[in-house]
Amino acid sequence: MTQTLTLGRLFRLSLLSLGALMFLAPYIFMISTAGKDQSEIFSASLSLIPQHFAYVANFTKALTRVSMQNLLLNGVIVCGLILVLQVVVAVPCAYALAKLKFGAARFMMALVMLGLLVPIHATALPLYVAFDKLSLLNSYTALVAPFSISVFGIFLFLQFFRAMPDDLIHAARLDGMSEAGIVARVIVPNAWPAVTAFAIFSVVAHWNDLFWPLIVVTNQSYATPPLGLLFFRAAEAGDDYGALMAATLIITLPLVIAFLLAQKRFVEGITMTGLKG
Amino acid sequence: MADIALPFSAVDTAGRREARTAWLLASPAILLMLLFIVLPTIAVIVLGFTDFELGYGSFRFVGLENYAELISDRTFRRSLWNTTVYTAIVTPVSIVLGLGIALLIESEPRGRDFFRTVYFLPVASLLVAMATVWQYLFHPGIGPLNTFLALFGIPGPNWLGASSTVIYGLSIIGIWQSVGFNMVLFLAGLTAIPRELYSAAEVDGVKSSIDRFRLVTWPMLGPTTLFVTTISVINSVKVFETVKTLTEGGPNKASEVLLWTIYQEGFIFLRVGYASAMTVVFLAILVVLMVLQYRFLDRRVHYT
């Protein structure tokens with residue numbers, strides 16, 4: 001009995017490890033290749049440790065050809081603005097839908113459902129035309145504005161607020177708090193798990209988004225990380241894999257580190273947002 | 001914000017005040033939804049009936065001309081077909097792998113956090129960046145994958161460079177990227193299954209792990225599986241990043257996919273009217289997928 005058990009477990013563990021190795025392979029080769037020089041890369045050897053470490057040369061290239069600091073800063077600014085706006089807009093709306101009686105609630109729910117169905121890819125054409133007419137292309141406004149409303153956020157917060165006890169709100173009202181005060185001082189602090197989950201979802205989505213930035217930004221100084229990497233690829237003409245991998249590494253690292261540091265939160269957040277989306 | 005209570009009946013005033021506060025709290029959201037979702041959606045449908053091109057001042061309504069052109073547009077048909085093939089590969093494989101890995105992790109107490117982290121890592125990584133890494137892995141001459149295959153005397157294909165294999169190459173990247181997401185959702189679904197069900201099944205004589213899976217796990221995972229399937233299909237239909245980064249629809253339109261074609265027509269060739277008609281088709285596909293999901297969900301509720 002114990003024999004078969006260990007055999008079974010051994011089998012499972014080796015299966016998981018083999019799979020893990022395959023999933024990690026791109027990262028391993030990324031780190032390894034970022035340290036190789038051109039000639040070694042073109043010798044097509046499978047050795048993972050670079051013969052003469054070219055990390056400094058490759059990273060210098062990556063950092064000088066396209067301003068990585070600028071890209072990462074843009075990423076932080078854009079994702080930060082989007083997240084703050086989304087929360088500030090969605091939380092009061094979700095609170096009104098969950099806890100207050102008003103006539104438009106059903107109409108609002110219909111809007112939310114419609115919004116859940118329509119991705120940015122579907123609205124991009126008219127929005128692009130409008131931003132073009134307003135001369136707003138190549139600006140933070142163009143990058144952020146369409147995402148200031150997150151129907152998904154409203155939906156998620158709504159679920160969360162509905163489960164909150166009404167007594168909490170009644171007590172606050174008896175204390176003479178205004179509705180805005182209730183949202184700020186009672187609802188938001190109690191909704192922290194939902195806000196964190198939503199924050200992770202939102203940042204991952206917009207940090208990675210290429211479609212919309214690609215459309216509205218042609219000026220490198222407004223490029224977000226994915227777009228900047230495309231510019232870098234174009235500038236490198238594709239074949240300098242050492243520098244490319246170094247750039248890739250720099251750009252992938254922030255979110256990966258954030259994930260590794262807060263991975264429990266991450267997984268919880270994705271699960272929560274995923275299951276309810 | 002102290003409102004002056006008018007001397008109507010107290011309940012009525014309170015109710016009205018509540019409604020007014022609600023409107024006030026919801027108004028930014030309503031306004032932005034109209035501005036950035038409802039209006040553009042209507043606009044895209046209307047534009048689909050016009051010959052609007054960016055840069056030209058005037059446009060006219062052409063009725064169903066755009067749609068008629070779509071039907072005979074070989075690029076668009078190719079694009080629909082490629083998107084279907086990509087979805088038909090990525091969705092089932094990433095679901096089966098996601099479920100398999102979740103089951104393995106669930107049944108193995110050792111290294112649970114480690115494995116979960118590793119398989120989830122691609123979800124948290126910048127896809128455009130990792131696509132670049134995959135391009136290197138797939139490189140026909142110097143790529144590690146083909147070098148590895150050559151060790152066994154297998155001549156590797158020109159993964160992303162040949163029209164016969166490009167969609168498979170992209171699919172591999174798509175699978176690699178989405179398995180972790182599915183796994184996490186399945187893990188959540190597995191933890192939600194009450195332990196008593198397994199003990200009950202054992203009492204009823206269910207001994208083998210295959211039967212346990214077939215009789216308890218799989219039916220209980222139903223809603224999760226349905227949800228994961230819908231999300232996976234939708235995400236596959238939306239494939240864009242890897243195509244833009246690696247192949248730009250080529251070679252020979254072999255990786256022309258829906259969003260890429262729309263992007264190309266609308267934002268490169270600036271044929272906004274025609275691209276809008278394509279977008280409407282894209283939206284219709286999403287609507288059908290949603291309706292299918294609800295149908296399935298309904299049936300589950302009624303029959304089990």
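**Entry 1: where chain A meets chain B**

I looked up the contact between the two chains in this predicted model. Chain A puts in 78 residues, and chain B puts in 76 residues. Next I asked which element of chain A gives the most to the side that touches chain B. I found helix α1 (residues 2-33), with 13 residues. Then I sorted that side of chain A by class. I noted 58 nonpolar, 14 polar and 6 charged residues.

**Entry 2: two helices in chain B**

I turned to helix α4 (residues 112-124) and helix α7 (residues 166-191), both of chain B. I reminded myself that two packed helices are described by the angle between their axes and the distance between the axes. Here the axes come within 7 Å and cross at roughly 120 degrees. That angle makes α4(B) oblique to α7(B). I also noted that their crossing is left-handed.

Which residues make the contact? From α4(B) I listed B:Tyr119, B:Phe120, B:Leu121, B:Pro122 and B:Val123. From α7(B) I picked out several, among them B:Trp176, B:Gln177, B:Gly180 and B:Phe181. By class, this contact has 10 nonpolar and 2 polar residues, with no charged ones.

**Entry 3: one glycine**

I stayed with helix α7 of chain B and picked B:Gly189, which is found there. Is B:Gly189 buried or exposed? I counted B:Gly189 as buried, because 22 other C-beta atoms lie within 10 Å and the cut-off for buried is 20 or more.

I then checked what B:Gly189 touches beyond residues up to four places away in sequence. I found B:Leu221 and B:Thr224. B:Gly222 is 33 residues from B:Gly189 along the chain, and their C-alpha atoms are separated by 9.1 Å.

Notes. Residues are numbered from 1 along each chain as its sequence is written. Chains are lettered from A and ligands numbered from 1 in the order in which they are written. This is a predicted model: local features need pLDDT of at least 70, side-chain atom pairs count only at pLDDT 80 or more; totals for chains, interfaces and linings use all residues. Two residues are in contact if their C-beta atoms, placed from the backbone, lie within 7 Å. Helices (H or I, at least four residues) and strands (E, at least two) are DSSP runs, numbered from the N terminus. Ala, Val, Leu, Ile, Met, Phe, Trp, Tyr, Cys and Pro count as nonpolar, Asp, Glu, Lys and Arg as charged, and the others, Gly among them, as polar. Axes are lines fitted to C-alpha atoms, for helices over the stretch in contact, and angles run from 0 to 180 degrees between N-to-C directions. Angles under 35 degrees count as roughly parallel, over 145 as roughly antiparallel, 65 to 115 as roughly perpendicular and the rest as oblique. A crossing is left-handed if the near helix is turned anticlockwise from the far one by less than a right angle, and right-handed if clockwise. A residue is buried if 20 or more other C-beta atoms lie within 10 Å of its own, exposed if 12 or fewer, and partly exposed in between; C-beta atoms are placed from the backbone.
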